[in-house]
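Have the structure open as you read.

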Amino acid sequence: MTTIHESDFIQSIADALQFISYYHPRDYIQALAAAYEAEESPAARDAMAQILVNSRMCAEGHRPICQDTGMVVVFLKIGMDVRWETTRSIQAMVDEGVRRAYGNPDNVLRASMVSPPIGARKNTGDNTPAVVHMELVPGHEVEVRLAAKGGGSENKTKFAILNPSDSLVDWVLKTVPQMGAGWCPPGMLGIGIGGSSEKAMLLAKESLLGHIDIHELKARGPSDPIEELRLELFEKVNALGIGAQGLGGLTTVLDVKILTYPTHAASLPVAMIPNCAATRHLEFTLDGSGPAVLTLPNLDDWPAIVWEAGAGARRVNLDQMTREEIATWKPGERLLLSGKLLTGRDAAHKRITDLLNRGEALPAGVDLTNRFIYYVGPVDPVRDEIVGPAGPTTATRMDKFTEQMLSQTGLIGMVGKAERGPLAIEAIKRHGAVYLMAVGGAAYLVAKAIKSSRLVAFGDLGMEAIREFEVEDMPVTVAVDSQGESVHQTGPAEWRSRIGLIPVEVV
């Protein structure tokens with residue numbers, strides 16, 4: 001009988017979560033580098049270059065790949081011959097590992113978990129609790145597979161119970177474009193088929209822990225219907241032309257993973273969960289001999305990519321911004337922002353609009369006249385940093401606030417990631433404003449452009465507080481111009497037409 005010591009288990013969880021915060025899996029780096037070399041869309045190629053450069057910077061600097069350091073999800077297979085030396089539950093031990101990892105002073109990770117999920121939604125402060133799935137299996141070891149799952153990709157989860165005679169491929173091709181780009185492609189699609197509703201979801205989530213091997217599968221050929229389905233979906237999803245960050249291009253997914261389970265004769269449950277550009281997962285086994293030993297990657301695994309922010313970009317002074325100037329910006333144009341930039345995301349927008357609705361003044365320092373706001377919840381700084389990794393959050397969550405923000409505060413511009421919805425685009429056009437997109441998955445790279453940071457309002461919101469950044473040459477792309485033209489609509493449409501595999505009416 002194997003004895004697993006509490007200290008070994010907790011330390012292994014903590015070490016693994018630190019490890020995946022700054023090391024991409026080797027298979028992801030190799031797949032993304034290959035996609036970068038093959039990409040023909042300049043916008044998508046630039047986005048992938050930023051992600052790859054950011055990834056190497058994080059590997060070298062031991063700082064998070066993304067400011068959203070994820071909700072911890074753990075799959076445990078516990079041997080029935082294992083004995084635990086602990087007074088804690090499995091959940092409590094996992095949570096202690098999470099607590100230690102996210103509070104590590106050398107690499108502080110962002111706490112994103114809130115409780116209760118409705119109502120106060122107070123941040124738990126240490127990113128606990130984790131979501132833990134356990135299975136008892138024969139044997140005398142504990143197999144641990146864990147991931148740090150970002151909210152942007154998690155929010156794009158889709159589920160349906162199809163009729164047994166329905167086409168799963170058609171459902172996927174109809175559904176993926178509806179997910180938008182908030183999941184930060186290129187990433188992976190995890191698909192669970194069968195079981196019950198909750199089982200299909202679990203299968204989809206677990207499938208994302210697999211290694212990228214689609215090109216090996218393509219080279220040797222499929223050996224069963226599921227492998228045939230993976231290859232078909234991989235080809236057809238990429239033919240949608242969505243591309244990196246939704247800008248249009250040849251690669252939207254790097255792999256499609258599928259797990260199945262028997263199901264009721266009357267049902268075909270299907271779940272689909274994407275993994276983002278900040279793919280973070282790891283597996284290890286404990287056998288009672290001590291904590292897990294994690295193998296460090298070789299920095300030679302990262303491609304030697306030179307990315308220059310200023311190449312072909314227009315420099316912009318945020319401190320002298322006018323509506324007349326932003327009216328000259330073109331969709332897809334690359335900008336370098338310098339000057340003062342306010343931050344604020346979901347909770348801050350809710351507080352601002354509540355104050356406006358009550359006819360009350362905004363807090364001192366929150367003057368949005370001719371200003372830009374950056375949708376971001378940064379990681380806390382360590383050592384001599386001004387701010388930790390500070391990449392954009394999904395802009396569509398702010399769509400419902402956009403009309404009021406533009407009409408009542410003097411705001412003229414927004415910076416986030418992914419597309420804007422119809423209501424936000426109409427408001428942008430109506431008020432002659434603009435929406436700029438920063439690359440999701442390049443958080444550490446973006447943080448290097450931030451030269452100062454100060455708290456302005458709502459400090460109790462933690463990472464969601466309003467801050468003022470002083471930025472220098474922060475790279476962004478004009479995603480929605482003052483006339484309401486969106487590159488997230490024109491880009492994918494252009495590349496879907498170029499690829500020519502998927503009829504427009506299908507999507």
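## Around Leu17

Leu17 touches Val72, Gly97, Val98, Ala101, Tyr102, Leu109 and Leu146, leaving aside residues up to four places away in sequence; contact here means heavy atoms within 4.5 Å. Numbering runs from 1 along each chain as its sequence is written, and side-chain values use heavy atoms, with hydrogens and water left out. Bear in mind that this is a predicted model: local features need pLDDT of at least 70 and side-chain atom pairs count only at pLDDT 80 or more, while totals for chains, interfaces and linings use all residues.

## The cores

Leu17 also shows up in the largest nonpolar core, which has 102 residues; Phe9, Leu17, Val144, Leu146 and Ile466 touch the most other members. Helix α3 (residues 42-61) gives the most to this core, with 10 residues. A second, separate core has 30 residues, including Ala160, Trp171, Leu229 and Leu233.

As for terms, a nonpolar core is a set of buried Ala, Val, Leu, Ile, Met, Phe, Trp, Tyr and Cys residues joined through side-chain atoms within 4.5 Å. Buried means under 20% relative accessible area, with exposed over 50% and partly exposed in between (1.4 Å probe, protein chains only). Helices are DSSP runs (H or I, at least four residues), as are strands (E, at least two), numbered from the N terminus.
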